[in-house]
Amino acid sequence: MGKRMEAAQKAYDKTKVYTMEEGAQIVKDNAKAKFDETVEIHVKLGIDTKKADQQVRTTVALPHGTGKTKRIAVIAKGEHASEAQKAGADKVGCEDIVEEVLKGKIDFDVLVATPDTMKDLAKAAKILGPRGLMPNPKSGTVTFDLANTIKALKAGRIEFKADAYGIVHAVIGKASFDAAKLAENAKAVMDTILRVKPSTSKGVYVQSVSFSSTMGPGVFVTHK
């Protein structure tokens with residue numbers, strides 16, 4: 001363990017569960033890297049990810065954004081392509097973007113597609129899927145409502161889903177954010193996670209919640 005990490009872990013009680021505001025402040029105080037570290041929330045859920053009806057995947061609009069401007073690419077044709085360009089998409093195209101992806105060029109953070117172009121994207125699914133970039137109706141990235149979708153994504157709408165272990169990892173901002181803003185973003189994520197609880201999930205749904213920065217240790221926080 002590095003000296004910086006060791007010092008960070010001594011700065012707070014690792015066995016204690018803090019309020020979100022306290023946890024956010026601890027993460028901020030221990031974000032000592034030379035860059036503005038990203039802060040994430042990690043939520044362990046009591047779900048069986050092997051069951052299709054217990055998947056947790058959705059979107060949430062963070063009230064204070066993520067601190068990062070997302071590069072948005074849109075797969076669309078005709079008037080929909082024009083709409084995407086007017087709405088501020090960073091890249092608009094169809095077959096040309098697919099070909100770039102197949103060649104390994106991915107210069108965007110979010111990919112949005114209109115329903116009629118999904119067949120064109122099929123050949124790139126094996127590349128986009130593992131990277132979490134394949135457009136999906138559940139995440140709101142397969143839509144004809146391009147203007148509002150692009151606006152929401154630029155404003156801080158994020159997508160999250162539980163991994164194979166039932167853990168949700170989501171960005172809630174940067175270490176430079178005020179602790180109160182990080183906490184408010186985290187609460188927005190938690191409210192959404194609670195709202196989309198699978199009806200078939202039994203037992204304790206939210207098992208643990210923690211915050212961490214890119215280079216910092218995890219801090220357990222309450223989800224209420």
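Three strands make up an open sheet here, in the order 4-3-5 and with parallel pairing. Strand 4 (91-93) and strand 5 (110-113) sit at the edges, each pairing on one side only. From one strand to the next, the twist averages 20 degrees. Bear in mind that this is a predicted model.

**The parallel sheet, up close**

- Strand 3 (residues 72-75) and strand 5 run parallel and are joined by 4 bridges.
- Along that pairing, Ile-75 stands opposite Ala-113 of strand 5, and Val-74 faces Val-112 of strand 5.
- Helix 7 (residues 146-155) packs on the sheet, where it touches strand 3 and strand 5. The direction of helix 7 makes about 160 degrees with that of strand 3.
- Strand 5 is covered on both faces: Val-110 and Val-112 are buried on one side, and Leu-111 and Ala-113 are buried on the other.

**Helix 4 and its buried face**

- Which residues of helix 4 (residues 95-102) are buried? They are Ile-97, Val-98 and Val-101.
- Looking down the axis of helix 4, you'd find these buried residues within an arc of 100 degrees, so they line one face of the helix.
- As background, an α-helix has 3.6 residues a turn, so residues three or four places apart point the same way.
- What covers the buried residues of helix 4? The cover includes strand 3, strand 4, helix 5 (118-121) and helix 6 (125-128).
- Just past the end of helix 4 comes Gly-104, with a positive phi of about 95 degrees.

**Strand 8 and its antiparallel partners**

- Strand 8 (residues 206-213) is mostly covered, with 6 of its 8 residues buried.
- Strand 1 pairs with strand 8 in the antiparallel sense, over 7 bridges. In this pairing, Val-43 stands opposite Val-209 of strand 8.
- Strand 8 also runs antiparallel to strand 9 (residues 219-220), and 2 bridges join them. Here Ser-210 has Phe-220 of strand 9 opposite.
- Strand 8 and strand 9 form a hairpin, joined through 5 residues.
- In general, strands of a sheet pair through backbone hydrogen bonds, either parallel or antiparallel.

**Gln-54, a buried loop residue**

- Where is Gln-54? Look in the loop between strand 1 (38-45) and strand 2 (57-61).
- Is Gln-54 buried or exposed? It counts as buried, because its relative accessibility is 6%, and the cut-off for buried is under 20%.
- One polar atom of the Gln-54 side chain lies 2.7 Å from the backbone nitrogen of Asp-48.
- The Gln-54 side chain also reaches the backbone oxygen of Thr-200, at 3.4 Å.
- If you leave aside neighbours within four places in sequence, Gln-54 is in contact with Ile-47, Asp-48, Pro-198, Thr-200 and Ser-201.

Key. Residues are numbered from 1 along each chain as its sequence is written. This is a predicted model: local features need pLDDT of at least 70, side-chain atom pairs count only at pLDDT 80 or more; totals for chains, interfaces and linings use all residues. Side-chain values use heavy atoms; hydrogens and water are left out. Two strands pair if DSSP finds at least two bridges between them. Axes are lines fitted to C-alpha atoms, for helices over the stretch in contact, and angles run from 0 to 180 degrees between N-to-C directions. Contact means heavy atoms within 4.5 Å. Buried means under 20% relative accessible area, exposed over 50%, partly exposed in between (1.4 Å probe, protein chains only). A polar contact is a pair of N or O atoms within 3.5 Å; within protein, one must be able to donate a hydrogen and the other to accept it, and residues adjacent in sequence count only if both atoms are side-chain atoms. The arc is that of the directions from the helix axis to the C-beta atoms.
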